[in-house]
Amino acid sequence: GDFNDDPSSETLKHLRGPAGKWRLADARPMGGRPGNVIPYLEGSGQRRSVWTHFFDDDDVFSRMDYILMNRDLSGRYRADLSYVLDLPTWGVASDHRPVLATFELR
C-alpha cells in the first residue's frame, strides 16, 4: 500500500509485526513493465530499482509503497509477474510509481 514511509520507520516495523511466524513479508517488487518482467537473480550483478516515489524539490528517489503479505499469501506470490511500473510516463498521474503484485490463487 501507499504507506508514505521509509522502510526503517517505526510505523512500518509495527505494521510488519515482530519476528516469527506471524511477521508480514515484504514482497519488494523491482522495476519492470507489462510483458517485460525480468526476475532478479542473486549474484547476477543486475541492478533493478525499487523506488516508488520521487521528491522533485529535493531530487530524491525513495521507496514509500509496499506489498506486505502473510505467510499463506506469500506462498502464492509471483515475483516473476510483479513489478514497480517502469515506464517513461510513470509520473503523469502521480508522484508515486504504481506497484503491481501478482498472486496465484487456486
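Guide: Let us begin with a term: a contact means heavy atoms within 4.5 Å. Please keep in mind that the model is predicted.

Visitor: Which residues does Pro29 touch, not counting residues up to four places away in sequence?

Guide: Pro29 touches Val50, Tyr77, Ser82, Tyr83, Val84 and Val99, with residues up to four places away in sequence left out of the list. Pro29 itself lies in the loop between β1 and β2 (31–32).

Visitor: Is Pro29 buried or exposed?

Guide: Buried means under 20% relative accessible area. Pro29 has a relative accessible area of 7%, and is therefore buried. A further distance may be read here: from C-alpha to C-alpha, Pro29 and Ile67 are 8.2 Å apart in space, while 38 residues separate them in sequence.

Visitor: What share of the contacts in the protein chain, at a separation of 6 or more, comes from residues 24 or more positions apart?

Guide: Such pairs account for 63% of those contacts.

Visitor: How many helices and strands does the protein chain have?

Guide: There are two helices and seven strands. Their order along the sequence is α-β-β-β-β-β-α-β-β. As for cover, 26% of the 106 residues of the protein chain count as buried. The accessible surface of the chain is about 7,300 Å², and carbon and sulfur atoms hold 53% of that surface.

Visitor: Let us turn to charged side chains. How many salt bridges does the count come to?

Guide: The general idea is that side chains of opposite charge can pair when their charged atoms come close. In this structure the count comes to five salt bridges. One of them is formed by Asp26 and Arg63, whose closest N and O atoms are 2.6 Å apart. This pair links distant parts of the chain, 37 residues apart: Asp26 is in strand β1 (residues 25–26), and Arg63 is in the loop between β4 and β5 (68–69).

Visitor: Which class of accessibility does Arg63 belong to, buried or exposed?

Guide: Arg63 is buried, because its relative accessible area is 12%.

Visitor: Which residue forms a salt bridge with Glu104?

Guide: The partner of Glu104 is Arg78, and the closest N and O atoms of this pair are 2.8 Å apart. Here too distant parts of the chain are linked: Glu104 is in the segment after β7 (99–100), Arg78 is in the loop between α2 (71–74) and β6 (83–85), and the two are 26 residues apart. Glu104, at a relative accessible area of 44%, is partly exposed. Arg78 counts as partly exposed at 27% relative accessibility.

Visitor: What does Asp86 pair with, and how far apart are the closest N and O atoms?

Guide: Asp86 forms a salt bridge with Arg97, with the closest N and O atoms 3.6 Å apart. Asp86 and Arg97 are each in the loop between β6 and β7, 11 residues apart. Asp86 is partly exposed, since its relative accessible area is 32%, whereas Arg97 counts as buried at 2% relative accessibility. Elsewhere, salt bridges that share partners join Arg78, Asp80 and Glu104 into one network.

Visitor: Which residues form a negative surface patch?

Guide: The patch is formed by Asp56, Asp57, Asp58 and Asp59. Asp57 is found in the loop between β3 (53–55) and β4 (60–62).

Visitor: Why does Asp57 count as exposed?

Guide: Exposed means over 50% relative accessible area. Asp57 counts as exposed because its relative accessibility is 78%.

Visitor: Finally, how should I read the backbone angle phi?

Guide: Most residues other than glycine have a negative phi. Against that background, two residues may be examined. Asp59 is a residue other than glycine with a positive phi, near 55 degrees. Its place is in the loop between β3 and β4, and Asp59 is exposed, with a relative accessible area of 56%.

Visitor: What is the phi of Arg28?

Guide: Arg28, although not a glycine, has a positive phi of about 50 degrees. Arg28 is found in the loop between β1 and β2. With a relative accessible area of 41%, Arg28 is partly exposed.

Key:
Residues are numbered from 1 along each chain as its sequence is written. This is a predicted model: local features need pLDDT of at least 70, side-chain atom pairs count only at pLDDT 80 or more; totals for chains, interfaces and linings use all residues. Side-chain values use heavy atoms; hydrogens and water are left out. Patches are made of residues with over 30% relative accessible area and no salt bridge: like charges are joined within 9 Å, nonpolar side chains (Val, Leu, Ile, Met, Phe, Trp, Tyr) within 5 Å. Accessible areas come from the Shrake-Rupley method with a 1.4 Å probe; for residues, only the protein chains shown count as cover. A salt bridge is a side-chain nitrogen of Lys or Arg within 4 Å of a carboxyl oxygen of Asp or Glu. Lys and Arg count as positive and Asp and Glu as negative; His and the chain ends are not counted. The place of a charge is taken as NZ of Lys, CZ of Arg, CG of Asp or CD of Glu. Helices (H or I, at least four residues) and strands (E, at least two) are DSSP runs, numbered from the N terminus. Buried means under 20% relative accessible area, exposed over 50%, partly exposed in between (1.4 Å probe, protein chains only).
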